[in-house]
Amino acid sequence: MEILKEVANAVIFGDRKGIQELVEKALNEGISPEDIINKGLLSGMSVIGERFKKNEIFVPEVLVSARAMQKGMEILKPLIAKSLGIIKGKIVIGTVKGDLHDIGKNLVAMMLEGAGYQIIDLGIDVPPERFVQAIKENRPDVVGMSALLTTTMPQMKVTIDVIEKEGLRDKVKIIVGGAPVTEEFAKEIGADGYAEDAYSAVELVNRLLKVS
Amino acid sequence: MPYVRILPENKIIKVIKGKRLLDILIENNIKIPSYCGGAGWCGKCKVKILDKGISLACQTYVEEDLTIKLLKEEGTDINIQKDFWENSNFILSPVITLQAFSLEIPSLSDSRSDLERILAIKENIYLRDIFVLRKLPIFLRKNNYKGKLVLFENEIIDVREEELKRVYGIALDIGTTTLVGHILDLTDGSDIDSYSTENPQLPYGADIISRINFIIHNPDGLQILRDRLIKTLIEIIQNLCKKNNINLNDVYALSITGNSVMTHIFLGVTPENIAFSPFVPVFRNMMILDSRDIFGNLFNAKVYVFPLISGYVGGDVVAGIIATNLLNEKGNIMLIDIGTNGEIVLKSKDALFACATAAGPAFEGSNISHGMIAKNGAICHVWLEGTVKFEVIGNMEEKGICGSGLLDAISVMLDLRIIDLTGRFIKGEEFCLGRVKITQKDVREFQLAKSAIRAGIEVLLNKADITYKDIDKIYVSGSFGSYLNKKNAIKTGLLPNIPLEKIILVGNSAIGGAKMILLNRFLMKDAEKIKEEVNYVDLSSDKKFQEKFIKYMYFGEEDQCLMKENID
Ligand code: B1M
């Protein structure tokens, strides 16, 4: 449908003002909110994710697109509050203790949101106990940790150990990322997966939760 | 135990099975770059393993006999532009003074002690050094009670023969990447010679965090890093003396400047708490030490160590502020030191603000595919003249590209529309300068680095409640700073769009300040004042920083910034 393509395009070009009008137009044409989200907003975000992964676009474009997507979501979410089917899974995410780098983690969160996941963002400098508490409160499918400093990477292992001690380890999949983190490191500390960039994080979560 | 044969030197080393190749090379003093400290992600420690191909030394464990070939030869000659302070005129009142004396010869009617005789020479002088006391009786009798006192402020640090005319001081800048030493004549203030070399801690990581990490994870880490540093500093000191026919015994003062982490390591004090929020250093005070406590019995000098402003704004910045005379200049003045870290200082209406931006070592070549520091073989300038032209340091074949070269290359790529204002390649996938290539990822690294610095500039301007239009002067220092093309710095958005004549490249401002303090002891008071008065702005807790960091990732001036309204 033409209008859904336009919605997707508005996301791709980060047209935060235009998107409101387009979403309303789509609703008026009788398209379901679910379809506008999936085939409009999220399909636009997925294009952005792929381009970012290929380095064609950079952080600002992603943020601008994510904001346009969120604007669209704001309008549509209340309309679909009852049909929970649309949420593919719940993800708790945060930057580990001692580390204040926010931006990479935010991109990952936005991209996951743009792929249809519900995000609980714990922010930065998150101690292991806060992760544990969030797991108990929200029962997420996935826990994501970000670290940008070689000195804070070990906090990922500490956090995993605490989650394990609390008997919650088999209740969640744990993924890690951030510039100094590597696939080997992720294996070494017993995480379920590592993603190099925000879009790969989406692919990783899809794979871990067996969602397409 | 397996053997490792290293080409081209053809050196053979017997090693413990399973030991990491990088550690083997470092321990055997074989030069190998490793910016991430062996974490496996900078990719700089590549070696060729015969019959197996290229591999990272930090990811290779020696299980059997190996023959490896080192890929790049690294020289140690680094050229940093002549400093500009030599011309600036200020009063010469060196930290070391000589006081000639001719004492009454003792007699039964005047049997004062040797020391009392000495202390009567000048008011307020004192002696603390037991070595000088031990020397005194023999010296006085041998020299017929004539000689010269060597004074550091009012402290007698030596007694010397009458003929001694000249004494010397050495200023040392301990950079994360480069160590620089200057030897000065403290009697006439002349800057005799300089010497610089790579920081020998480089194999343990390019940035301070990697070094701290090494310290945290190795029980002897601090000792190893410190020993390497001291050893190389001694080499610098000896080299400066030997080259200039100066007796090491005539060197009486050292000044030491460096960032907070390097200063901690120099003193053998752990810097580990600086790495984590809330970034607490062990000390901030200036120190005056005896060289024997640090360098052993090699010589006998006073060592002045610059005070620190915070965990991330160190003595190198204090020295830089002194060198550029920020305390006394009027107007809105910035000092930007772009090294492995980017520190920014703003003086405005008698207030001083400073911050450290985690620009990363992109400007010093790390994380850039063919990046290297500004030394022989590095492309340092790129420009358009019909075709693309470039200049290589040392006038030799290009081995890589340094920060200033990268800045120019990106500007040329913008001019040729090879990349667009968002930084994306629109023509081809890489940009070649001879054998050196710049990739899309390199452009992205550059964008992160330049934007971190620019965002830091804007945050400080905000704190002082002014805009870039109010800036009267920007001093740019650091090794990157001395080669930087101002126009291109503005074109890429690294610096705000102010008239070019307001941007002043000052070379290494840290060593400048370290030299000046040897020649004018009153500047030590200024250093204290700077330590007390600078307002440190912590960017990790600054909401505006993140906004601006994103905003300035693109190229072009603020007004051209794409999608401006959407980003705000
Ligand atoms: C859960 O699953 C996943 C999956 C994928 C995941 C993931 C999680 N998390 C990330 N990913 C991945 O997906 C993202 C999108 O594709 C990617 O995220 P990234 O975060 O990698 O990428 C972002 C989109 C863009 N990248 C960034 O945002 C980081 C950029 C650089 C310049 C950087 C910045 C901006 C900052 N910094 Co900091 N900083 C640097 C960085 C140097 C550089 N050039 O990269 C780095 C990381 N910093 C460093 C340092 C030293 C520091 N910083 C510090 C502070 C700061 C600022 C506050 C100034 C600012 C952060 C602002 C903020 N609110 O986030 C200090 C520490 C604060 C703390 N305790 O955290 C300080 C310690 C020192 C200082 N001078 O201020 C260095 C770390 C060195 C090391 N060896 O670890 C550094 C590499 C620069 C350097 N070399 O000096 C992937 O990694």
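Between chain B and chain A, four residue pairs are in polar contact, both residues at pLDDT 80 or more; a polar contact is a pair of N or O atoms within 3.5 Å, where within protein one must be able to donate a hydrogen and the other to accept it, and residues adjacent in sequence count only if both atoms are side-chain atoms. The model is predicted, with local features needing pLDDT of at least 70 and side-chain atom pairs pLDDT 80 or more, while totals for chains, interfaces and linings use all residues. Residues are numbered from 1 along each chain as its sequence is written, chains are lettered from A and ligands numbered from 1 in the order in which they are written, and side-chain values use heavy atoms, with hydrogens and water left out.

On the side of chain B that touches chain A, helices H4 (208-217), H10 (440-463), H15 (543-551) and H16 (564-567) of chain B each supply at least two residues. Helices (H or I, at least four residues) and strands (E, at least two) are DSSP runs, numbered from the N terminus. H4(B) gives the largest share of that side, six residues. By type, the side consists of 14 nonpolar, eleven polar and five charged residues; Ala, Val, Leu, Ile, Met, Phe, Trp, Tyr, Cys and Pro count as nonpolar, Asp, Glu, Lys and Arg as charged, and the others, Gly among them, as polar.

In total, 30 residues of chain B are in contact (heavy atoms within 4.5 Å) with 27 residues of chain A. The rule finds one salt bridge across this interface, a side-chain nitrogen of Lys or Arg within 4 Å of a carboxyl oxygen of Asp or Glu. B:Arg424 and A:Glu56 form a salt bridge through their side chains, at 4.0 Å from N to O.

H4(B) also meets another helix of its chain: B:Arg211, B:Phe214 and B:Ile215 in H4(B) are in contact with B:Gly221, B:Leu222, B:Ile224 and B:Leu225 in H5(B). Five nonpolar residues, one polar and one charged make up this contact of H4(B) with H5(B).

Two backbone details lie in loops. The peptide bond from B:Ser277 to B:Pro278 is cis, with omega near 5°, and B:Pro278 sits between helix H6 (260-267) and strand S16 (287-290) of chain B. A:Arg139, a residue other than glycine, has a positive phi near 45°; its loop joins helix H6 (128-138) and strand S3 (142-146) of chain A.
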